[in-house]
Amino acid sequence: MYDFMFVIFATFALVGGLLMVFHPSIVHSAFALVASLFGVAGLYWTLGADFLGVTQVVLYVSGVTVLLLFAVMLSDKTLGAVSILRCAAMGLVIGPLAMALMVTYRAIDGMVGTEGAALPDPAPTTPAIGDLLLQPEGYLVPFEVASVLLLIVLVGAVTLARPMADRQVSRKTIADRADAEARGDEGASAPQGEGA
Amino acid sequence: MNETVFYFATTLGKIVVFTHLALILAALMVLGERRISAVMQSRLGPNRVGYGGLLQPIADALKFFFKEDVVPGQVEKVLYILAPAITVIPALLTIAVIPFGPALTIFGTEVPLVIADLDIGILFVFAIASLGVYGVVLAGWASNSRYPLLGGVRSSAQMISYELVLGLSVIGIFMSTGSLRLLDVVAAQQDGVWFAFSQPLGFLLFVICAFAETNRLPFDTPEAETELVAGYHTEYSSMKFAMFFMGEYTAMFVFAALISTLFLGGWDIPFVTAEQLAAWGNWGSLLGFVSFFTKCLCFMFFYIWVRWTIPRFRFDQTMALGWKVGIPAGVANIVATAFILLPPGTL
Amino acid sequence: MIPLEHYLYLSGVVFTLGLCGVMMRRNIIMMLMGIEIMLNAANLALVAFNKYMPPGPDGTVPMDGQVFVFFTIAIAAAEVAVALAIAVALFRRLDTVNVDDVANLRW
């Protein structure tokens, strides 16, 4: 049963990833990313991490990716095809890196063994994770630090994305330009503030 | 009988029965919506097909089948066809974890009236239900036309905003029950009071989110017909359009069922304890099932009632309500619940 | 039961795909997506290792791998929020999301 699920979800993850990297349209790429992340969530499930799988879907598949899509829809739509030359050049770099990664995995794999696999899946994983996160001898300090980080990020993201004073300035210059054009003044319509 | 065969047979039976119940209810809901809105506006509504118009949904379905399936030339074919399916599938998948009634006893074996009794039931519902937003976004983008795109963008913004409030509003319940399983939540309400009474703020927030997440009035800005023609499904016709309808009404049923389960006691009947219900055997189960369904139907009626009572919010008002009122109120609810749950004398 | 290597190889391949995405595309949002894929590959490896860990001395199943993934997810969400804010600001000011167009700080 798990084998079957593994194949299905692994296909999702791989095909989604491939499409994401090589599809010329960025919106298609984003949807392929959704498929890939969904596949990974399913793989967590096959590993007995049901709570984690669901969290992955809630946070990644429907939170982060919708944000990405939002940004995609509001900016450029096309990427253009990937150039073959660039692919070849990257292949030379990435190929050996990937090989090194695999060798490392292989080495670690030899150290881990497979004792845990024989164990049954811990029935509800939620309480165990909660205990580990909120006990001082567990991960309480990182947990608190992560929440502070999220707060900082919240403030930072709002500050960055907010239309700042210069936006009002540019609106004003547009209005000025329109006025100038209405008066028939050619010079005022030249592009202003090149590197602003 | 072989245990595995029995398990598969009952599960298959449950899947068939529950999904069909949801779909039939969705169809009847369309009829109910038309009839009830007609009553509210002093007219008759569709009453010609069958007794009192009861067969109207079948006539509608036939009409959808026989309509020409127009695919506009400018659309992104694959995504355009995929979008209606992505709207329907998550709505139907969430039915899997909703408990419809107390366990039945068939041939001496207890069969719980829930397709999959997951430890993380409610999170599963949120996760899968939130995938529905992709149907809307895909439809909006793949139609390659202005009004659908605006509808899609609005919808994605609205849904991710209200998902936060939705999540915050139910945390109080899980703090009281200590479990994410929906069966445990129902059991906790059978022993104590319904969470609608002990978690009034959470209940209110959840109801608001149910309207926002299913794109119902007063939060139907993604498909506001006066501004955006038909929003994300402007370019759809025939069966594909019908599938959007199905998905939307099934999602409405799912939220009605969730509200019944989480806040209105599930299959609990007021003044009847779980033991008394169990003593009646299978008839008790049936009674519980009827009780659950009555609650769902009442909430479905509430959907329609609200639709013809409250006018549509402007989009910025919708977002402001979610972020500036909903989220602080949700957090306040969690803090208040935590204070109430503290063992006395710890502060 | 699926052997651990299968998960690891899958994770490696997915990681490589993400790396390709980051290195071949110059669109800032596309690069973000590549990073997300890479993080997910690493998470998958963590969960897989967690599953194949031997139990603790009192027979408890280890959960640390899954907790690590929670932190990764939280931090990835934070990263996306900030990076998208930067992308939006960039698009607003310079009308581009191509990282090569904003290489002015590079020397």
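How many residues of chain C are in contact with chain A, and how many of chain A with chain C? In this predicted model, 60 residues of chain C are in contact with 69 residues of chain A. Two residues count as in contact if their C-beta atoms, placed from the backbone, lie within 7 Å.

Residues are numbered from 1 along each chain as its sequence is written, and chains are lettered from A and ligands numbered from 1 in the order in which they are written. Because the model is predicted, local features need pLDDT of at least 70 and side-chain atom pairs count only at pLDDT 80 or more, while totals for chains, interfaces and linings use all residues.

**Chain A**

Chain A has seven helices and zero strands, in the order α-α-α-α-α-α-α along the sequence. Helices (H or I, at least four residues) and strands (E, at least two) are DSSP runs, numbered from the N terminus. Of the 196 residues in chain A, 29% are buried. A residue is buried if 20 or more other C-beta atoms lie within 10 Å of its own, exposed if 12 or fewer, and partly exposed in between, with C-beta atoms placed from the backbone. Among contacts in chain A with a separation of 6 or more, 52% join residues 24 or more positions apart.

The pLDDT, the predictor's confidence in each residue from 0 to 100, averages 74 in chain A, and 67% of the residues score at least 70.

**Interfaces of chain A**

On the chain C side of the contact with chain A, α1 (4-24), α2 (28-52) and α3 (64-94) of chain C each supply at least two residues. The largest share, 20 residues, comes from α3(C). This side divides into 48 nonpolar, seven polar and five charged residues. Ala, Val, Leu, Ile, Met, Phe, Trp, Tyr, Cys and Pro count as nonpolar, Asp, Glu, Lys and Arg as charged, and the others, Gly among them, as polar.
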